[in-house]
Amino acid sequence: MDHGRDTAPPTGVAAAGSPAETRIVGSAKKTGSGPGPEIMAAATLEGNDVLNLAGEKLGTLQDIMVDVPSGRVAYAVLARGGVMGIGDKLFAIPWSALTLDTDRKCFLLDIDLERLRNAAGFDKENWPRMADPAWAADIHEYYGQPPYWS
């Protein structure tokens, strides 16, 4: 049964091995027990720093947004600026745009600081409707990522 995956907004399911997967870099885990780094509790990732490839801190991973119908992680919400969470500008980053660096315990995002500053952001009182297909397509295009639902 086709649910319109190729054209549907962010409630479709990307195929396994699709280009919308998040990469993991760093040393291999030393023990075979316990979770990670392939499967981890979202709470262990929230609060991690997000750096660009030049090593500049872009912000902190505040939230991980799940596409509930498909069960896929859709976006990471990056918090930047402000003091102690007050005045932060938030950015929805396609999950596939991030690389988990297990050695540095951070995420990497291939974007320069000025481009991030110019990205569409929002504040904690005015979140976008993330299931809106036009909004989602624009965000994925801005970060150079294929939509996770295609």
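A residue counts as buried under 20% relative accessible area, as exposed over 50%, and as partly exposed in between. With that scale in hand, welcome to a predicted model of a chain with 3 helices and 7 strands. Along the sequence, these elements follow the pattern β-α-β-β-β-β-β-β-α-α. Buried residues account for 37% of the 150 residues in the chain.

- The mean pLDDT of the chain is 81, and 75% of its residues reach 70 or more.
- Confidence is lowest in β1, where the mean is 75, and highest in β2, where it is 97.
- Please take care with residues 1-19, where pLDDT stays under 50. The model has 37 contacts beyond four places in sequence for this stretch.

**The sheet**

- The 7 strands make an open sheet of mixed pairing, and their order is β1-β6-β7-β2-β3-β4-β5.
- At the edges are β1 (23-25) and β5 (89-94), each of which pairs on one side only. From one strand to the next, the twist averages 35 degrees.
- As background, strands of a sheet pair through backbone hydrogen bonds, either parallel or antiparallel.
- A parallel example joins β2 (residues 49-51) to β7 (residues 106-109) over 2 bridges. In this pair, V50 stands opposite F107 in β7.
- An antiparallel example is the pairing of β4 and β5, which runs over 6 bridges. Here A79 stands opposite L90 in β5.
- Although β5 is an edge strand, it is mostly covered, with 5 of its 6 residues buried.
- Among contacts in the chain between residues at least 6 apart in sequence, 59% join residues at least 24 apart.

**The nonpolar core**

- In soluble globular proteins, nonpolar side chains tend to be buried together.
- The largest nonpolar core has 33 residues, of which L61, Y75, I93, L98 and Y143 touch the most other members.
- At least two residues of this core come from each of β3 (57-67), β4, β5, β6, β7, α2 (113-117) and α3. The biggest contribution is that of β4, which gives 6 residues.

- In α3 (residues 133-142), the buried residues are W135, A136, I139 and H140. Seen down the helix axis, they fall within an arc of 130 degrees, so they line one face of α3.
- The face turned away from the buried side of α3 carries the exposed residues D138 and E141.
- Among what covers the buried residues of α3 are β4 (72-80) and β5.
- After α3 comes G144, with a positive phi near 65 degrees.

- I64 lies in strand β3. I64 has a relative accessible area of 14%, which is under the 20% cut-off, so this residue is buried.
- I64 and W95 are 31 residues apart in sequence, yet 8.5 Å apart in space, C-alpha to C-alpha.
- G121 is found in the loop between α2 and α3. At 36% relative accessibility, G121 lies between the 20% and 50% cut-offs and therefore counts as partly exposed.
- Beyond residues up to four places away in sequence, G121 touches K89, L90 and F91. With K89, the separation is 32 residues in sequence and 6.3 Å in space, C-alpha to C-alpha.
- K105 is in the loop between β6 (98-101) and β7. K105 has a positive phi of about 50 degrees although it is not a glycine.
- The relative accessible area of K105 is 63%, which is over the 50% cut-off, so K105 is exposed.

Key
Residues numbered from 1 in each chain as written. Predicted model: local features only at pLDDT ≥ 70, side-chain atom pairs only at ≥ 80, totals over all residues. Heavy atoms only, no water. Pairing = 2+ DSSP bridges. Helix = DSSP H or I, 4+ residues; strand = E, 2+ residues; numbered from the N terminus. Axes fitted to C-alpha atoms, helices over the stretch in contact; angles between N-to-C directions. Buried < 20%, exposed > 50% of the residue type's maximum accessible area, 1.4 Å probe, protein only. pLDDT = per-residue confidence, 0-100. Contact = heavy atoms within 4.5 Å. Arc of directions from axis to C-beta. Core = buried A, V, L, I, M, F, W, Y, C linked by side-chain atoms within 4.5 Å.
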